[in-house]
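Dear colleague,

Please find below the structure that I am handing over to you. My notes on what was found in it follow directly after.

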There are 2 protein chains.
Amino acid sequence: MKITVQKYGGSSVADADRIKNVARRVIKSQQPGEGLVVVVSAMGDTTDELISLSQQINPEPSEREMDQLISTGEQISSALLAMAIEHNGAKAVSLTGNQVGIQTDDSHTKARIFKIDSRKMIEELEGGRIVVVAGFQGINIKKDVTTLGRGGSDTTAVALAAVLNADSCEIYTDVDGVYTADPRVVPDAVKIEKICYDEMLELASLGTKVIQNRAVEFAKKFNVVLHVRSSFNERPGTLVIEEVEGMSMEKVVIRGVSLNQEEAKLTITLVPDKPGIAARIFKNIAENNINVDMIIQNVSAQGFTDVSFTVPRPELAKTSALLEKIAGEIEAGKVNVEEKIAKVSIVGVGMKSHPGVAATMFETLAREKINIMMISTSEIKISCVVRSEDGERAARSLHQAFELDREEE
Amino acid sequence: MKITVQKYGGSSVADADRIKNVARRVIKSQQPGEGLVVVVSAMGDTTDELISLSQQINPEPSEREMDQLISTGEQISSALLAMAIEHNGAKAVSLTGNQVGIQTDDSHTKARIFKIDSRKMIEELEGGRIVVVAGFQGINIKKDVTTLGRGGSDTTAVALAAVLNADSCEIYTDVDGVYTADPRVVPDAVKIEKICYDEMLELASLGTKVIQNRAVEFAKKFNVVLHVRSSFNERPGTLVIEEVEGMSMEKVVIRGVSLNQEEAKLTITLVPDKPGIAARIFKNIAENNINVDMIIQNVSAQGFTDVSFTVPRPELAKTSALLEKIAGEIEAGKVNVEEKIAKVSIVGVGMKSHPGVAATMFETLAREKINIMMISTSEIKISCVVRSEDGERAARSLHQAFELDREEE
C-alpha cells in the first residue's frame, strides 16, 4: 500500500475552524487505495497553558508527571481532527503514542524513539481509515507516557514515515517552505525548491526554525523525503532530499543564509595551555547539560591561551557561574561575558568544491565594516559571530553577495 | 497492607488552589505503612468544555473519539494532583485507566468495568507512593479508551476499593453528606449518619445526586463501605453500609424524602386491552434508548385502558413523537403530555415492616390538598407524581410527617 504521512503543527490546528480546514485538506489529499497517516501537534498554546498550570502547582514537577500532563494536548487535537474528518464523510481513527506502540527510552521530556509497531496503523489503514496520530509522545517500557521534546511531532511524523515505508512525509506549517534567508530580515529571500538533508540540518541548527533537526536526522537516516509546506495555501513548498538533482555546482554554491541572535558568548582568559585543560572545562559544562555551540581557542602565547564559546542565551547565567568556579580551579584569568551576539552563517554542499567561498564571506563582511569575533567552519557551512547590531546587515549583504535572490535557476 | 481509597470530584479540583488543598488533605490522611489510592474527576468544567469544543467540529462525533477526547480531563487533573502531592514532600504517581489496567466492555461513553489489574497499583503503593488514578476511564480489549458515563469516577473509586480490598472508600464532594431531603427545599433536613446501600440506591435514583447509583451498586455487591463527605471541611459525612446497626425499627421508618422535578409524563389513551400491547409499546421505546421510569396502567374499561409513564424531560420530544407513531399502529386514542411534573418519594428499609407508611404518606398529601397523579411502590420506597408546583410543599410536609428532622436519635 502506498502511504503518505502528513504532519500539522500547532498553529494549523489552533482552533475549531482550523481543525476543520485541516480535515478538508486531509480528505482532499486522500487517494483511493492508498494509506494516509496524519500526525498533529497540540492546539496552539495548549502545551504552554498546561505547563503554566503545572507551574502554579509545583515549580519543579517530576518529568514523569510533566509528560503525563502535556501529552494530553496532542491526544485532544488528534481526537478532534478525527471527529472533523468523520464529519466530512471520511473514516478516521485517532491514536495516542501508546495506542500506536511508539516505544521510547526512559528520558522523560526528551525521549528517543527506539521502536514503532506498525501493525495497528496498517490494520486501520487497511480498514480504509485515515489514521490520526498524536505527535510528540510515546511510552517507555513501564508504559509511562514520554514526550520527545519541543517540536517532537516532526520527529513522530518522520519516524512513522520511515517505519511505514511511506512515499513522502509532508510537514505542514505556517510558512511556505524553507527560504534562502529569513524574509523578515532579508526581503529578497526566495523559497528553496529542493535542499539536501545536510544543508537543512545546518540551516536548522543555525536558527532556521521550520522543522526540528532531529526530524531531519531521522529523515536522512531512513531516506524519507520531506516536503515542507504551508497548511494555509496550496503552493508547493520545499523538498528535503538526499541529493539535489540537477544542481549546478557552478551556479548554486550556497543554499541559504542563517541568522541566529539567541546566543551569548563567554571567554575565559589566561588559561594555562596544557593538555587536559579544555577537556576539563567542557566536560564540566556538559555535565551540567549546557549545550555549547561554537568553541574557539586562540593560539598559545607564553603558555596561556584564551578560550571562547557560545551558548544559548537562557543558559548564560548558569554557564557564567560555572565558568567562574572552573576558572578558580584551573587558575585561569577572568571570565568575560558578551550577552548579545549574532551568528551569521552560510550553508551549502556546493562550497565543498569551491575554495573561494570563505574568502568571499569575509570580504563581504569587511566591505560592510562588520567586525568578525569568531569563525567556525564545517564541510558545508561557515559561521561568523558578529556584534548583535550588525547581524541583520551581515545576513542581507551575504544573501546578495552569493546571489541567493536568483536561486532556483 | 491496609488500603484506603479516596475520590475527589470535579469541584474539589477545579483550579490550582483547590488541587493544592486536596494534596494537603491527602498527605494528612496518609498513614505510615498503609496504602492510599486517590481517584480524581476532571477539573471543574473541563469535560463540558471539551464536549462543547467537539460540538463545534462535529455535532455527532463517534463515541470512540469522544472517549479519546474527554478522558484527557482526568489525565490532566490526576497528573496535576500528583505534582501537588510531590510538591508537599510526599511521593506520588498518576495513572490513567490504561496504566492501571481497568478493562471495560466496548460500550463507549457508558462502559462497564469487567476486570481491574491491581498489580501496578500494589507495586506503586509498596514503593511508598500515593497512587493518583484518573477516574471515569478504562480501556477495552482493543486498547481504545472508554469512559464510564457521567459520574463514573465514583464507580472507578468503588471498583478500585473492591479489587484492592480497601478498608474504606471515601467519596469527597461539595456537600457534607447525604441529607434526609434536599436542604434547599426542606430547610429542616438533617445529615444522615448511616444509611444502607438499598436506601442510598433508591434516594440516588429518585434524585438525590450525591453519588452515582452504579457506584453504590458496586459497593453493595463487593461490600465496600462508602464514606460520603465534604472536601472543604473536616466534618464526618454519611456512611453507606450494608446494615445500619442499632437502627430502631420502631423509630426510624423512613430514611429520607426525595424530590425529582426533572421528569415528564406521557399518557396514551384508549389502548386496546389485549395481551402484548404494553410489551409492544415499551419494547419500541426501549429500542430507542429511552429510559422509562414509572409506568401505570389503569384497570380496563370496555376493552380499553390508559397507559401513563414518566421519562427524563430531555427525552420528552423524542418519546412523544415515537408514541404518536405507536398509537397509530396499535389503533389507540391520543397521546397526552404533561411536561412538568414532580415526583416525591419516601425511602427507608424500615417501611417493609410498617404497614401504615403508605397511608400516612397519602393522608399527609391529602391534608395539604395535593393531588396524586401516579403512585409507584417498592419494598423500600413509595413515589407519588404530583403537579410540579406542589412538589416542594409535598417534600416538606412528608419530611415533617415522618419526623425526619429528628433523625439520628
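Two remarks on conventions are needed. This is a predicted model, in which local features need pLDDT of at least 70 and side-chain atom pairs count only at pLDDT 80 or more, while totals for chains, interfaces and linings use all residues. Residues are numbered from 1 along each chain as its sequence is written, and chains are lettered from A and ligands numbered from 1 in the order in which they are written.

The interface

Two residues are taken to be in contact if their C-beta atoms, placed from the backbone, lie within 7 Å. The contact takes 27 residues from chain A and 27 residues from chain B. On the side of chain B that touches chain A, at least two residues each are supplied by α1, α2 (46-57), α3 (63-70), α4 and α5 (97-100) of chain B; helices (H or I, at least four residues) and strands (E, at least two) are DSSP runs, numbered from the N terminus. The most is given by α4(B), with ten residues. By class, this side of chain B has twelve nonpolar, eleven polar and four charged residues. Here Ala, Val, Leu, Ile, Met, Phe, Trp, Tyr, Cys and Pro count as nonpolar, Asp, Glu, Lys and Arg as charged, and the others, Gly among them, as polar. Because 100% of the interface residues of chain B are also interface residues in chain A, the copies meet through the same surface.

Helix α2 of chain A

Helix α2 (residues 46-57) of chain A has twelve residues and reaches 17 Å from its first C-alpha to its last. That is close to the 16 Å expected at 1.5 Å a residue, the expected span being 1.5 Å times one less than the number of residues. Its buried residues are Thr47(A), Leu50(A), Ser54(A) and Ile57(A). Seen down the axis of α2(A), these fall within an arc of 80°, so they line one face of the helix; the arc is that of the directions from the helix axis to the C-beta atoms. A residue is buried if 20 or more other C-beta atoms, placed from the backbone, lie within 10 Å of its own, exposed if 12 or fewer, and partly exposed in between. What covers the buried residues of α2(A) includes α3 (63-70) and α4 (72-87) of chain A, together with α1 (16-29) and α4 (72-87) of chain B.

Backbone points

Thr109(A), in the loop between β4 (102-104) and β5 (113-116) of chain A, has a positive phi near 70°, although the residue is not glycine. Thr109(A) is partly exposed, with 15 other C-beta atoms within 10 Å. Glu331(A), in the loop between α11 (316-329) and β17 (335-338) of chain A, has a positive phi near 55°. With 10 C-beta neighbours inside 10 Å, Glu331(A) counts as exposed.

With kind regards
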